[in-house]
Amino acid sequence: QVQLVESGGGLVQPGGSLTLSCAASALTLDWQAIGWFRQAPGKEREEVSCQGMSGATTYYTNSVKGRFTMSRDNAKSTMYLHMIGLKPEDTGVYYCAAVPGPGEMCNLILQKHWQYWGQGTQVTVSS
């Protein structure tokens with residue numbers, strides 16, 4: 001059974017940093033496009049970042065460009081989201097996701113087409 005398990009969330013002050021991890025089991029990330037999404041209180045879930053299977057291209061939503069970095073370690077079946085310069089508006093539940101295939105235009109993949117999802121980890125940015 002495929003599982004994605006996020007970790008690394010928590011409470012951080014504005015300007016601080018966090019690194020989220022997402023460990024996959026029964027799933028080879030080599031053959032997956034991967035993504036990070038978040039849902040703020042009272043808002044719809046949005047895509048934060050995604051990366052195609054090759055890792056050659058990574059997309060970021062405009063509000064996190066220059067502050068968030070997405071990466072993967074296929075050998076460890078783990079993806080990461082390194083976040084710096086955190087702002088209160090970054091608060092939300094962060095989810096990792098994966099979908100089989102190249103996904104080189106992963107930013108165009110509708111959320112309903114992402115096949116595997118983690119359970120989410122809470123990130124709260126507050127002083």
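Hi everyone, let me start with a pair of residues: aspartate 90 and arginine 67 are both buried, where buried means under 20% relative accessible area, exposed means over 50% and partly exposed lies in between, using a 1.4 Å probe and protein chains only. A word on the source: this is a predicted model, so local features need pLDDT of at least 70 and side-chain atom pairs count only at pLDDT 80 or more, while totals for chains, interfaces and linings use all residues. Residues are numbered from 1 along each chain as its sequence is written, and side-chain values use heavy atoms, with hydrogens and water left out.

Back to our pair. Aspartate 90 and arginine 67 form a salt bridge, with the closest N and O atoms 2.7 Å apart; the criterion is a side-chain nitrogen of Lys or Arg within 4 Å of a carboxyl oxygen of Asp or Glu. Aspartate 90 sits in the loop between β8 and β9 and arginine 67 in the loop between β6 (58-60) and β7, so this pair ties together parts that are 23 residues apart in sequence. For the element names, helices (H or I, at least four residues) and strands (E, at least two) are DSSP runs, numbered from the N terminus.

How many salt bridges does a search of the whole structure find? The search finds three. Aspartate 90 also forms one with arginine 38, at 2.9 Å between the closest N and O atoms. Here the loop between β8 and β9 is tied to strand β4, so the linked parts are 52 residues apart in sequence. Arginine 38 also forms a salt bridge with glutamate 46, at 2.7 Å between the closest N and O atoms. As for accessibility, aspartate 90 has a relative accessible area of 1%, arginine 38 has 5%, and glutamate 46 is partly exposed at 31%. Through shared partners, Arg38, Glu46, Arg67 and Asp90 join into one network.

Now to β4 itself. Seven of the eight residues of β4 are buried. β4 pairs with β9 in the antiparallel sense over eight bridges, pairing being called when DSSP finds at least two bridges between two strands. In that pairing, isoleucine 34 stands opposite alanine 98 of β9. β4 also pairs with β5 (residues 46-51), again antiparallel, over five bridges, and there glycine 35 stands opposite cysteine 50. β4 and β5 form a hairpin with six residues between them, and glycine 42 in the turn has a positive phi of about 75 degrees.

Next, the nonpolar side. A nonpolar core here is a set of buried Ala, Val, Leu, Ile, Met, Phe, Trp, Tyr and Cys residues joined through side-chain atoms within 4.5 Å. The largest one has 24 residues, and those with the most contacts inside it are Leu4, Trp36, Phe68, Leu81, Met83 and Tyr94. Elements giving two or more residues to this core include β3 (18-25), β4 (32-39) and β9 (92-100). β3 gives the most, with four residues. Apart from this core lies another, of seven residues, among them Cys50, Val99, Cys106 and Trp114.

Which is buried and which exposed, alanine 26 or serine 77? Alanine 26, in the loop between β3 and β4, has a positive phi near 60 degrees and counts as exposed at 57% relative accessibility. Serine 77, in the loop between β7 and β8, has a positive phi of about 50 degrees and counts as buried at 16%. Thanks, everyone!
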